[in-house]
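Please look at the sequence and the structure below. The briefing that follows goes through strands, helices and salt bridges in turn.

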Amino acid sequence: MGNKCCSHRQDTEPPRVYPAIKNGDPLLKPSLGSIDSRYTPDPHRGRTATGADIIRPRATPSRPNVGMGQPRPRIVVALYNYNAREHTDVSFVKGDRMEIIDDTESDWWRVVHLGTRQEGLIPWNFVAPEKSVESEDWFFDGVSRKEADKLLLAEENPRGTFLVRPSEHNPRGYSLSVKDWEESRGYHVKHYKIKPLDHGGFYIATNQTFMSLPALVMAYTKNALGLCHVLAKPCPKPKPQMWDISPELRDKYEIPRSEIQLIRKLGQGNFGEVHYGKWRNEIEVAVKTLKPGTMSTEAFLEEAAIMKKFRHMNLVALYAVCTKEEPVYIVTEYMSKGSLLDFLRHGEGRDLKLDDLVYIAAQIASGMKYLELQLLIHRDLAARNVLIGEKNVAKICDFGLARIIEDNEYCPKQGTRFPIKWTAPEAIQYCKFSIKSDVWSFGILLMELFTYGQVPYPGMHTQEVIKNVERGYRMPKPVSHHLPEDIYIIMLGCWDANPQKRPTFEFLFHYFDAYNVTSELPYREVFD
Ligand code: AMP
């Protein structure tokens, strides 16, 4: 083994030259490795989907009634269908109107359905104020440029499919994203800036101004007016995430075991099996069972409590637990493509392109950026602990080793097992776990991702890894796979011997979220 290690050995510290993010917005400039930056408020919270930090209910729309000049409405309109799950909630179909009675509670609003006159709770993010821009089929709040690309490029969408989203850079502006096709480029997405006028109204080209966003969209659906294509059809909207399986389970999450039907085994975890199942024969769930005697129910519930408390698009949501009898169950959202590791090695992940890999990296970094802000360290970040859903959505799971830290670091009790190849040297040697040791693990995860699930440090035993890493050895850039040099430099940054010199997850998220942008043509503006 010695020879192999020596051949890759780096005598000097790995370089810490980070590729610049070529983005004009100072808000997007990441703070590299600065501990303080972890505590500064994030200007993008709740803005982008990959970057949405916490998805919290809003009592008021983010940009109410753009260009329509109405007071805050109390009538909401359904954006999706919803089937009631208890006697306390109300069913509705897309387009139904409801009057809000109480919008002060988390996640669930009390309404009266204006058709059925039924009163009850509804998931807040399934509706929007009537006649607001948010209620338009084409309006996508909280969607980044990269996500817009992903949504529009879905095969089923024809040329001219479009959406409008708040601009990531201009607080009063919007972006129009349109799917286009050209002989030389195939299908791609063009993004146009929608700029606000000083006295109300909007424009894309200065010679065509409109009173409101709907008026602007309407005009471009009739005539391309210089756009790449006439606006043909709004992009289909994916259903929003629900954090509770039902309104009854928003605070209490112990449920009777009889409500869970186990359907098929999905995998084997460290402490028990994982099954695909249904809640009340209806809602898809994943059920993690705890083998009796392998772990205390207390520790198992600790994981559940962490999952319930922390909410982010890129963290697997916990729905419920059954702890009254053995084996204990943890009921979580179901991720149809299983673990990232299996997906990359044996599943559809084998066909992923660089762009898809970067998208997955951005999502994981986004979930970790959220944990960084919440002062939660994961301690077991690895491809096996990331789950993949439809359209390559990635979510971090397995919070079994996660700990909330009061200080910057967490020191586990002696004898706690850790996955050596993913663990930072200071954590192995001195039990110094911190968000920076998670950054190290993220670097290893990146290598797993860009080598389609290769075991890190191939051919090396864990003891050799410990010894060699300590001496400055780092995994070399793989020759077997195409890994862009700048992403390899990012990995080396994550593996800096000095934890404080490793980048923040905030930086890593922005780096991967902007990755395509930097390598693509500049932001496009018609008529400019
Ligand atoms: P774990 O116990 O978390 O290591 O899970 C073991 C295996 O079960 C994973 O590798 C996945 O293949 C599968 N699995 C775990 N949780 C889920 C989930 N929420 N949805 C789908 N598959 C899952």
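**A strand covered on both faces**

Strand E1 (residues 75-78) is covered on both faces: Ile75 and Val77 on one side, and Val76 and Ala78 on the other, are all buried (buried means under 20% relative accessible area, exposed over 50%, and partly exposed in between, with a 1.4 Å probe and protein chains only). The model is predicted, so local features need pLDDT of at least 70 and side-chain atom pairs count only at pLDDT 80 or more, while totals for chains, interfaces and linings use all residues. Residues are numbered from 1 along each chain as its sequence is written, and side-chain values use heavy atoms, with hydrogens and water left out. Helices (H or I, at least four residues) and strands (E, at least two) are DSSP runs, numbered from the N terminus.

**Partners of E1**

- In a regular strand the side chains alternate between the two faces of the sheet.
- E1 pairs with strand E2 (residues 97-102) in the antiparallel sense over three bridges; two strands pair if DSSP finds at least two bridges between them.
- Val76 has Met98 as its bridge partner in E2.
- E1 also pairs with strand E5 (residues 127-129), in the antiparallel sense and over three bridges.
- In E5, Val76 has Pro129 as its bridge partner.

**A five-stranded sheet**

- Five strands make an open sheet with antiparallel pairing, in the order E12-E13-E14-E16-E15.
- Strand E12 (260-268) and strand E15 (318-322) are at the edges with a single partner strand each, so one side of each has no neighbour in the sheet.
- From one strand to the next, the twist averages 30°.
- Strand E14 (residues 283-289) pairs with strand E16 (residues 329-332) in the antiparallel sense over four bridges.
- Val287 stands opposite Val331 in E16.
- Helix H4 (residues 297-309) lies across E14, E15 and E16 and runs at about 155° to E15. Axes are lines fitted to C-alpha atoms, for helices over the stretch in contact, and angles run from 0 to 180 degrees between N-to-C directions.

**Two packed helices**

- Helix H10 (residues 485-494) and helix H11 (residues 505-513) pack at an angle of about 170°, and their axes are 12 Å apart.
- H10 is therefore roughly antiparallel to H11 (the word applies to angles over 145 degrees; those under 35 count as roughly parallel, 65 to 115 as roughly perpendicular and the rest as oblique).
- Asp486, Ile487, Ile490 and Cys494 in H10 meet Phe507, Leu508, Tyr511 and Phe512 in H11; contact means heavy atoms within 4.5 Å.

**Salt bridges**

- The structure holds 23 salt bridges, each a side-chain nitrogen of Lys or Arg within 4 Å of a carboxyl oxygen of Asp or Glu.
- One of them joins the side chains of Lys391 and Glu156 (3.8 Å, N to O).
- Lys391 is in the loop between strand E18 (386-388) and strand E19 (394-396), and Glu156 is in the loop between helix H2 (145-152) and strand E6 (161-166), so the pair ties together parts 235 residues apart in sequence.
- Lys391 and Glu156 are both exposed.
- The side chains of Glu390 and Lys337 also meet in a salt bridge (3.9 Å, N to O).
- Glu390 is partly exposed, with a relative accessible area of 49%, and Lys337 is partly exposed at 23% relative accessibility.
- Lys477 forms a salt bridge with Glu485, with the closest N and O atoms 3.2 Å apart.
- A network of salt bridges links Asp107, Asp244, Lys308 and Arg311.
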